[in-house]
Amino acid sequence: MISQLRPSRFMPAGHNRIATSFEFFPPKDEAMEKTLWESVERLAPMQPNFVSVTYGAGGSTRERTHATVKRILQETSLTPAAHLTCVDATREEIDAIVHQYHDAGVRHIVALRGDPVSGAGARYQPSPGGYENAADLVRGIKRAHPDFEVSVSAYPERHPDSPTLDADIDMLKAKVDAGATRAITQFFFENDLYFRYLDRVRARGIDIPIVPGLLPVQNFKAATNFAARAGASVPAWLAERFAGLDDDPATRKLIAAAVTAEQAIDLLDRGVTSFHFYTMNRADLVYAICHLLGLRPAVQQAA
Ligand code: FAD
């Protein structure tokens, strides 16, 4: 709704009570590396609480995740959070990675079970000698270094492996009991899903922040495939907004920014002040959305 875009409805421009975090994935080649660092540089003045770097399926990006996190620490003033999964590794191997991060000065891990090596959808089997699940991993990280801040995942629409939403929330509770202090949600497009989930999580006695994960949809077809694997629903109205734009990337981009900005502003209007953005290593949409939320780059504030 247009009226929701008026600053007085949410936060005056330049107000900094909003907390953001930006998620990146480790680059595969030089061109992707260049795009990533341009995006990091562009978004850094928005002063996110932290930037997180994903861990490829089956540990496939172990070295690249580590290198990216290390470079963020060494070359920027940003606080990195390293994603880590239990997949295809023994406890000793995971513990060695945790110690390496700690030695490098990293103090925040996003702890995940991860998907089976054969891909999401296959039945998950813990790796022999490995951590059983995300709660077990959180416990291992906190045991190794109690000063690690540990974030975990949350699924407003239920994780596809979980028989019920309640079973999923039980897993979230186990992760919190093991020491997690923040959950970041899978992306969703209907804010009511998030608020209904939040009610159930709070009713279960879980009081950590449940930070909404927002995905600006750059490519509708790819996002639909991704959503199907992740168990996130794609509403008909969203498909309608992107209909007929397959060959029109410029308009798609404008629509994508508008859709996510509308979603974020509605969340803000309803009391949410922390946002996690799945950047897909692209800064422009996320930058525009943050600007609409009232955030301004640090240099501009100082001037
Ligand atoms: P959990 O929270 O441990 O479990 C999810 C649900 O599945 C729970 O309800 C649990 O009860 C159920 N479940 C778990 N194990 C079983 C089982 N054996 N049988 C039946 N049910 C079971 N993936 C990556 O590979 N790398 C990343 O960097 C990454 N980052 C992510 C960041 C966020 C914010 C989110 C939301 C997801 C991310 N993922 C990542 C995806 C994640 O690894 C997958 O969704 C994975 O399938 C589940 O891991 P989890 O830690 O979310 O699972």
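Guide: The largest cavity holds about 40 Å³ of space. A cavity here is a set of points on a 1 Å grid over the protein atoms alone where a 1.4 Å probe fits but cannot get out. Points are joined across faces, edges and corners, and the volume is the space filled by probe spheres set on them.

Now the lining. Tyr155, Pro156, Glu157 and Arg158 take part, as do Gln186, Phe187 and Phe188, and also Ala230, Gly231 and Ala232. A lining residue has an atom within 4 Å of a point. By class, 6 are nonpolar, 2 polar and 2 charged. Tyr, Phe, Pro and Ala count as nonpolar, Glu and Arg as charged, and Gly as polar.

The model is predicted: local features need pLDDT of at least 70, side-chain atom pairs need 80 or more, and totals for chains, interfaces and linings use all residues. Numbering runs from 1 along each chain as its sequence is written, and side-chain values use heavy atoms, without hydrogens and water.

pLDDT is the predictor's confidence in each residue, from 0 to 100. The chain averages 92, and 93% of the residues score at least 70. Over residues 1–12 pLDDT stays under 50. Where pLDDT is low, the predicted coordinates should not be read in detail.

Step back to the whole chain. Of its 303 residues, 50% count as buried, meaning under 20% relative accessible area with a 1.4 Å probe, protein chains only. The C-alpha atoms fill a box of roughly 55 × 45 × 40 Å along the principal axes.

Methods. Contact means heavy atoms within 4.5 Å. On a 1 Å grid over the protein atoms alone, a cavity is a set of points where a 1.4 Å probe fits but cannot get out, and a pocket is an open set with protein on both sides within 12 Å along at least five of seven lines; lining residues have an atom within 4 Å of a point.
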